[in-house]
Amino acid sequence: MCQLLGMNANTPTDAMFSFAGLAARADEHKDGFGIAFFEDRGVRLFVDPAGARASPVAEMVKRYPIRSENVIAHIRKATQGRVALENTHPFMRELWGRYWVFAHNGDLKGFRPRLHAAFRPVGDTDSELAFCWLMQELAKSHAGVPGVAELTRTLSELLPRAAAHGTFNVLLSNGQALWAHASTALSWVQRRHPFGAATLADEDLRVDFAALTTPNDRVAVVATEALTRDEAWHALRPGELAVFVGGERVTP
């Protein structure tokens with residue numbers, strides 16, 4: 001299965017440390033990588049069908065401190081669809097004048113929804129198909145962009161319909177919030193004042209966040225598996241949908 005990474009913060013924050021931890025797991029998940037950084041209404045999207053261990057694009061991301069309030073990253077272990085650029089996560093679409101970014105860890109069987117012309121997959125993965133269907137159903141459910149709470153209620157109705165076809169661990173953002181839906185494995189951690197140090201679980205890298213932050217900063221990180229070995233990560237239950245705004249998990 002693939003590996004996911006999401007970050008949501010109350011101030012533009014770089015994801016270099018967390019992405020280094022994700023990339024360290026690319027020996028097994030070597031069928032492509034991608035990462036999306038929201039900047040206001042824009043998105044910087046980097047994808048490469050090469051693995052994050054070998055990709056020069058991944059090396060650039062590790063060393064380039066792009067700051068964002070919402071980040072989604074993915075390293076791929078292909079289950080459906082060939083190893084190709086068009087099948088590399090995250091996927092991006094526009095809806096209601098905002099970019100939406102989606103990444104999926106899992107495998108859906110027999111999921112063949114009807115799609116209209118507005119949203120069509122370019123590649124041949126179950127993941128992109130599910131994303132196009134999700135965008136279509138959101139567009140049908142609301143005439144214009146709703147608030148985060150209303151979007152969360154709609155997503156809580158839609159996501160289980162796809163999850164019924166298999167494993168559907170998902171990260172989704174429109175730059176206003178980060179949604180995380182667990183099917184089998186997703187965990188999250190919040191970093192806030194007083195900040196401490198953290199050590200990656202898969203790489204000999206340690207960061208003292210107290211030296212890099214202010215007392216007002218808040219950051220939530222979501223990953224398939226805990227990225228650090230000395231922080232209190234919280235596992236989401238199967239079927240649970242979590243939403244993060246301003247570096248905090250919120251209740252809609």
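A residue is called buried when its relative accessible area is under 20%, exposed when that area is over 50%, and partly exposed in between, with a 1.4 Å probe and protein chains only. The structure on your screen is a predicted model, in which local features need pLDDT of at least 70 and side-chain atom pairs count only at pLDDT 80 or more, while totals for chains, interfaces and linings use all residues. Residues are numbered from 1 along each chain as its sequence is written, and side-chain values use heavy atoms, with hydrogens and water left out.

**A hairpin**

Helices (H or I, at least four residues) and strands (E, at least two) are DSSP runs, numbered from the N terminus. Select residues 91-95, which form strand 5, and see that Phe-91, Arg-93 and Leu-95 lie on its covered face, whereas Met-92 and Glu-94 lie on the uncovered one. In a regular strand, side chains alternate between the two faces of the sheet.

Strands count as paired if DSSP finds at least two bridges between them. Opposite Met-92 you will find Val-101 of strand 6. Two residues stand between the strands of this hairpin, and Trp-96 takes a positive phi near 60 degrees there.

**Charged pairs**

A salt bridge is a side-chain nitrogen of Lys or Arg within 4 Å of a carboxyl oxygen of Asp or Glu, and a search of the whole structure finds 13 of them. Side chains of opposite charge can pair when their charged atoms come close.

Select Asp-14 and Arg-67, whose side chains meet in a salt bridge at 4.0 Å, N to O. Because Asp-14 lies in strand 1 (residues 3-14) and Arg-67 in strand 4 (residues 67-75), the pair ties together parts that are 53 residues apart in sequence. Asp-14 is partly exposed at 25% relative accessibility, and Arg-67 is also partly exposed, at 47%.

Move to helix 2 (residues 56-63), where Glu-59 and Lys-62 are three residues apart and therefore separated by about one helical turn. Their salt bridge has its closest N and O atoms 3.0 Å apart, and Glu-59 is partly exposed at 26% relative accessibility.

Finally, select Arg-206 and Asp-230, whose side chains meet in a salt bridge of 3.0 Å, N to O. This pair links distant parts of the chain, with Arg-206 in strand 11 (residues 206-208) and Asp-230 in the loop between strand 12 (218-223) and strand 13 (234-235), 24 residues apart. Arg-206 counts as exposed at 54% relative accessibility, whereas Asp-230 is partly exposed, with a relative accessible area of 35%.
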